[in-house]
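Here is a short briefing on side-chain and helix packing. Keep the structure open while reading.

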Amino acid sequence: MNTMHQEGNALIYENDGELLRIEPWGKNSLRVRSVMQGPICDTDYALIELNEADKAIVPSISVSEYEASITNGKITARIEVSDWNHKCVISYYNQNKKLLLKETGDGGALNKDSRRFHGIIGGAYNLHVSFASAQNEKLFGMGQYQQDDLDLKYTTLELAHRNSQASVPFVLSSLGYGFLWHNPAIGQVTFGKNVTDWYAASTKQMDYWITAGDTPDEIEQAYGRAVGTTPMMPEYGLGFWQCKLRYWNQEQLLSVARKYHEKKIPVDVIVCDFFHWPKMGDFRFEEEFFPDPDAMVKELKEMGMELMVSVWPQIDTQSENFAEMKQKGLLVKTEHGVEICMRFGGESVFFDPTNPAARRYVWDKCRQNYYDKGIRVFWLDEAEPEYLGYDYDNYRYYLGPDIQIGNVYPQYFSRTFYEGLKEQGEKTVVNLVRCAWAGSQRYGALVWSGDIHSDWPTFRRQVSAGLNMGIAGIPWWTTDIGGFSGARPEDPRFQQLFVRWFEWGTFCPVMRLHGDRDCDDRRVFHADGRPALFTGGDNEIWSYGAENEIILTRYIFLRELMRPYTRKLMEEAHLYGKPIMRPMFYDFPEQDVCWELKEQYMFGPSILVAPILYEDQNERDVYLPSGNKWTLLMNGEVYEGGQTLHVTAPIDEIPVFIREGGPDLVDGWKKIRENHEI
């Protein structure tokens, strides 16, 4: 009896309760789903609806008694069925018949399963899907993990979100394929020496998407078409953003903005951080500290600045909205214990953005209290969400248990504000958000790397984090320049780190200054003497000494000089899904050394950035890819590619090279330095 057959444009395998379906899903790509004792689910967690051209793809399918294959352009899936137990093994090949990926198989007498469904109470399964490990491959992407690794081979990653960790389960292989684990369950992936194992703690089906391509760029663009790309970045996303924890009243925020304006230093966005509200979940300004937000927004716009406001998803039990939201079922539920998700500035419960009614409720409040006052940019903090304890099995959403679908939370949080803003007629949307999952980019998510520490090892980790986020399909990414916590502006050692971080931040997709700086007195009080939430120390560019202010000012103007180039990169991210900052191999995949480099990268196709990442370092080696001439930005000298150059880098310079044919920045940079001399 044949266990395989063709059904429309899909290849079907059935055996012992398992139903497996492989079908085209975009150019050179396949979607692979399997269920145990049930029908295939048409979930759309990250994958978007196919366009008409993709729906019209006719694959080549062949079926025999023990073998079958399906080919879609450059990718072929081959199924081999055992004549003993009728289990099948799936292998993937490119158009040159090169093996890309293969399931582990049964191991002979070991009698293993490549797809292991283990039933759990409630009808779901925990699931392992195992592939043979190719020891000569390198792996990139998967989102943002706080580790030194750029190449993820031989690592184990938690498929879950935490503060400063964003799990975006798309991986790009040096062998020529991209793989999306289309499953938002809490889990784990191990890219081991002997096996690659994907694990979901609770799921209803196996679901993944795989594509083949001749270059990383081809793979990345296919992925962008499958899950959607970013909107076009608004113009105010191209310049410098000023922020600190926290401007606690209206006059303090305006005085900082006015000082930048008086100094003629361009600021595109200034940020009003958390606890500008009476209680979390009120979604409005507190009148005592922000008496006239309409006037504040108006004055900022007259100075050319957009105001971004922080929105937390927590609803304090004392909030004016808590009782109504609880009654309407708009909040996250706990499976057991007290229904409290977090204790910071009050006991609170997260709203549930997977519920359309909850999304509408929160946006309506923010529209009335922020948007109608002229605010167009939102800071979606705590987006993982950051539970008091990451007990993923203790929370339940409208869409299902956290352990089963929880990784979509930040995507739906971004969706709340994206859809609300689009409904108001906004053509360009960008919102700063502290986490993301696959597909978040299409909802205008600008992800930052969370509450990271202010030290050199953490600084170095952000380079790998940002590059892997770009490969994972999240091109809008940034950090708190200087790190979030653990430093004083007057400390000379921190000043060095801060300047180096600021220089590097100029060549991140968004250049954003933020941090909780230490100071002698963090207390804030109401007029009646009641304590309010604390503030932090100064964090403006003049807070770091006069000489450093000049250096930092230069880089703000350099960012302005790059605006036409950065705008072009944002357009390519929008149209094609291309990352903005990307590993060296992305543009030079044929050069083996470029797959090894993790402390230099490309900012778009034409600017090579080699940040200074170690304390007291004033020189470093930089590899210049062959086949091009490269101009050193700091002095205009031209070098042939195909060599490793030793470059000096005093505190006011970051090694940056312009690829032949790239933007003409040398003369402009020279004038900037002349106008802002130390």
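A residue counts as buried when its relative accessible area is under 20%. Trp 277 comes out at 5% relative accessibility, so Trp 277 is buried. The model is predicted.

**Aromatic rings**
- The model holds 56 aromatic pairs.
- One of them joins Phe 275 and Trp 277.
- A pair of aromatic rings is described by the distance of the centres and the angle of the planes.
- Phe 275 has 11% relative accessibility, so Phe 275 is buried.

**Charges over rings**
- Arg 376 lies over the face of Tyr 371, 3.8 Å from the ring centre.
- Arg 512 places its charged end over the ring of Trp 379, at 5.5 Å from the centre.

**Helices α10 and α11**
- Helix α10 spans residues 492-505, and helix α11 spans residues 546-561.
- Their axes come within 9 Å and cross at roughly 10°.
- Angles under 35 degrees count as roughly parallel, so α10 is roughly parallel to α11.
- On the α10 side, the contact is made by Gln 495, Phe 498, Val 499, Phe 502, Glu 503 and Gly 505.
- On the α11 side, Asn 548, Ile 551, Leu 552, Tyr 555, Ile 556 and Arg 559 take part.
- The residues of this contact divide into 7 nonpolar, 3 polar and 2 charged.

**Leu 624**
- Leu 624 belongs to strand β38, residues 619-624.
- Its relative accessible area is 0%, so Leu 624 is buried.
- Beyond its neighbours within four places in sequence, Leu 624 contacts Leu 608, Trp 630, Tyr 639, Glu 640, Gly 641, Gly 642, Gln 643, Leu 645 and Phe 657.
- Leu 624 and Phe 657 are 33 residues apart in sequence, and their C-alpha atoms are 8.5 Å apart in space.

**Ser 606**
- Ser 606 sits in the loop between β36 (601-603) and β37 (607-609).
- Is Ser 606 buried or exposed? With a relative accessible area of 12%, Ser 606 is buried.
- Not counting residues up to four places away in sequence, Ser 606 touches Tyr 565, Phe 657, Ile 658, Arg 659, Gly 662 and Pro 663.

Methods:
Residues numbered from 1 in each chain as written. Predicted model: local features only at pLDDT ≥ 70, side-chain atom pairs only at ≥ 80, totals over all residues. Heavy atoms only, no water. Phe/Tyr/Trp six-rings, centres within 6.5 Å; stacked < 30°, edge-to-face > 60°. Buried < 20%, exposed > 50% of the residue type's maximum accessible area, 1.4 Å probe, protein only. Lys NZ or Arg CZ within 6 Å of the ring centre and 35° of its normal. Axes fitted to C-alpha atoms, helices over the stretch in contact; angles between N-to-C directions. Helix = DSSP H or I, 4+ residues; strand = E, 2+ residues; numbered from the N terminus. Parallel < 35°, antiparallel > 145°, perpendicular 65-115°, else oblique. Contact = heavy atoms within 4.5 Å. Nonpolar A, V, L, I, M, F, W, Y, C, P; charged D, E, K, R; others polar.
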